[in-house]
Structure formats: structure tokens, C-alpha cells
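Thanks for coming, everyone. Please take a look at the structure, and then I'll walk you through it piece by piece.

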Amino acid sequence: MKAVGYHKSRPVTEADSLTDFTAGKPRPDGHDLCVAVKAVSVNPIDTKMRMRAEPKAGEPPKVLGYDAAGIVESVGSQVTLFKPGDEVFYAGSIVRPGTNAEFHLVDERIVGAKPKSLTFAQAAALPLTSITAWELLFDRFAVAPGKTPDGRALLVIGGAGGVGSIMIQIARRLTALTVIATASRPETQAWCRKLGAHHVIDHSQPLAEQLKAIGQANVALIASLTGTDQHYPAVPDIIAPQGKFGMIDDPKVLDVSLLRRKAASLHWESMFTRSLFGTSDMIAQHYLLSEVAAMVDGGLIVTTMTKEMTPINAANLRAAHQQIESGTTIGKLVLHEW
């Protein structure tokens, strides 16, 4: 089968940072599905892993990719949720070979049925970011779904990125929270408003003054989706007493003691945790993706794909990684077909 991988961590501008190669077709066992991959999307985690995780000498190239949509080709002996021919979408596992391959093994318990109303490319934009946004909002922040007003606001720092683009929609459709997104360019600000943000402020400017101007001086829930190193110094001032601060990136230093005076809590979100540790509730991601698919097919939320490239190959993946590393991507970038 065709695949894209690498042997050494290289800058994306170098030709061997990602290369095309041929690999054997994997065979499913246990709860695994073997999926014929039709589309993949690229996330910041792809670029980070490329630069910090190399295969050992003598090992095959490392294959990245944590989002996919495709068709179940075969199944393991313990599979009960899917059958060959089913169309699926999912985000995979950080400890297994990635989705940048024609055929890919994935545990059925972290897979959802692809939204019927979307193409494979449109569907591939959604899994990783939807799981991340959903878990941060409902598991880490413990927000109760429903439209009963409770007066709280959610600040989404980095609203135009992949996770922000879906978090805005989920929060607006499933909760009564006031959704405040941050974006620094006219086009990203317009994107956040289009997706449903009640307010949009500029994260390149001081946040406290802008929040006061919209009547939200203290925010109960803050989702820091990018640039936490840059934005965290403002958090102790703008977070509400007993508020919750969550993040998905990896700042080098974070002084948690600054949250103590307000008894605010800190929450890490990693959508790979359930699959990494094989938690007893890992099937929650199957149900979560099923709910997302139903919301898409019901017209409640939309795909966050903003750019698509074809085919899936090393040259296009290098271009996609370069786009992600520029920090200017709006929504999700997707590659489809081999």
C-alpha cells in the first residue's frame, strides 16, 4: 500500500521531511477495523510529532496522521460496532501508525459512522477537533448540556483554529453559555462570527479591556487553544472566582499558583488519553462522534474544512505541514484520494 512517512526529524522545507513509500497492508485483530483511507486532515500535533519523534534505526518510516475518513475494509474478531463497507471517521491513536496510509488500523471504540451529508474530505476535518472541544467543554469543564441560562461565559482563545472552529459551534448549539472567541485578523474574526460566536475580541491586544467593553470582565470558562505562553499572564485577572481554565497546547512554564487567589482550576485536555491508556470509558469517543455526525446531518453544525488538496502524497503533506506551521490556518486543511 501507499504511505507517507519519515526516518529523521527535518524542517518541512527539506524533501526528506516527509517521503512516499510502500508498506504492507495491515491485518485487523481484536477490536480493530482496517479502514481504506479516503481523506485525512492535518493538525498541529502532526507537525510537532514530525519534529520530536523519530523511528529507531532499522525501523520502518514513521507514519503520521490523526484524522481520517474512509470505508471499513475488514474487521477483527471482536468487532461489534461496524462491518465491511461502513463509512467511518475517527482520530486514531498517538501510539499507533498514523492515517497517512492507504489502509489503517483503528480500534472501533474510538470510531464513528461518517456523517451521511458530508464528503469524505469534509468529514475528515472533524474528528480530532470535535473530540477535543467536546471533552474540554463537557468532561473537563463539566458544562451541563442544555439551554437553561446560568449567566456564564466561555472564552475561546484561538477561535478560528481547528478546535476553536468546532468548539464555538458546539457551545452555541448545545449550551446557554455566552461564547466569546478571539481572533486577530478581519477574516478570522468574520469566520468566528459566522460559526456563532456572540462576541469576537482581538487576542493580539490586551484581553481585559476588551472583555470589560462587552460587559464580560470576568469569564467563568477559558479554553486556551493556542499561544498559552503568550495569553496566560492575563488569565488570573480575567478569570472569574472559582472559574475553570483549560488548555490543549504545551507551554514551557505555567505558574499555577496565580490561580489560587480565585480558587480557579486548571484542566489539561488531550483527546488521545482514552486510547493511550485503554480507559474503561474509551468507547465514549464512539458515542461522541456519533452525536457529532447526527448534529451535522441535522444541520446544527457544519464541517470546518476550508481547504482541500489532492492527492494524499508527501509533496502535498509537506505543503500542508508548512501551512500549519505558519500559524495562519483558518479551520481545517484536508487531503483526499491517493
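**Strands, rings and a surface patch**

Let's begin with strand E11 and its neighbour. E11 and strand E12, residues 239-247, run parallel and are joined by five bridges. To find the place, look for Val 219, which stands opposite Ile 239 in E12. Keep in mind that this is a predicted model.

E11 has another partner. Strand E8, residues 153-157, pairs with E11 over four bridges, also in the parallel sense. Here Leu 155 has Ile 222 of E11 as its bridge partner.

So is E11 covered or open? Strand E11 spans residues 219-224, and it is mostly covered. Six of its six residues are buried.

Now to some antiparallel pairing. Find strand E5, residues 87-90. Strand E4, residues 68-75, pairs with E5 in the antiparallel sense, over four bridges. E5 also pairs with strand E7, residues 111-113. That pairing is antiparallel too, over three bridges.

Val 88 in E5 is the bridge partner of Gly 70. Val 88 also stands opposite Ala 113 in E7.

Next, the aromatic rings. How many aromatic pairs does a search of the whole structure find? It finds three. I'll show you two of them.

One is Tyr 66 with Phe 272. The geometry is edge-to-face, with 5.3 Å centre to centre and 70 degrees between the planes. This pair links distant parts of the chain, 206 residues apart. Tyr 66 is in the loop between helix H1 (44-52) and E4. Phe 272 is in the loop between strand E13 (265-268) and H9. Both Tyr 66 and Phe 272 are buried.

The other pair is Trp 134 with Phe 138. It is edge-to-face as well, at 5.0 Å centre to centre and 65 degrees between the planes. Where does this one sit? Both residues are in helix H3, residues 127-140. Trp 134 and Phe 138 are separated by about one helical turn, because they are four residues apart in that helix.

Ala 125 lies in the loop between helix H2 (120-124) and H3. Its relative accessibility is 0%, so Ala 125 counts as buried. Now compare Ala 125 with Val 37. They are 88 residues apart in sequence, and 13 Å apart in space, C-alpha to C-alpha.

Lys 25 lies over the face of Phe 103, at 4.5 Å from the ring centre. Lys 114 has its charged end over the ring of Phe 120, 5.1 Å from the centre.

Last stop, the surface. Which residues form a nonpolar patch there? Val 95, Leu 276 and Phe 277 do, with about 320 Å² of accessible area together. Phe 277 belongs to helix H9, residues 273-277. Why call Phe 277 exposed? Because its relative accessibility is 61%, and exposed means over 50%.

To recap, have another look at three places. See E11, with its six buried residues. See Val 88, opposite Ala 113. And see the patch of Val 95, Leu 276 and Phe 277. Over to you for discussion.

Key
Residues numbered from 1 in each chain as written. Predicted model: local features only at pLDDT ≥ 70, side-chain atom pairs only at ≥ 80, totals over all residues. Heavy atoms only, no water. Pairing = 2+ DSSP bridges. Helix = DSSP H or I, 4+ residues; strand = E, 2+ residues; numbered from the N terminus. Patch = residues over 30% accessible without salt bridge, like charges linked within 9 Å, V, L, I, M, F, W, Y side chains within 5 Å. Areas by Shrake-Rupley, 256 points an atom, 1.4 Å probe, with all protein chains shown as cover. Salt bridge = Lys/Arg side-chain N within 4 Å of Asp/Glu carboxyl O. Buried < 20%, exposed > 50% of the residue type's maximum accessible area, 1.4 Å probe, protein only. Phe/Tyr/Trp six-rings, centres within 6.5 Å; stacked < 30°, edge-to-face > 60°. Lys NZ or Arg CZ within 6 Å of the ring centre and 35° of its normal.
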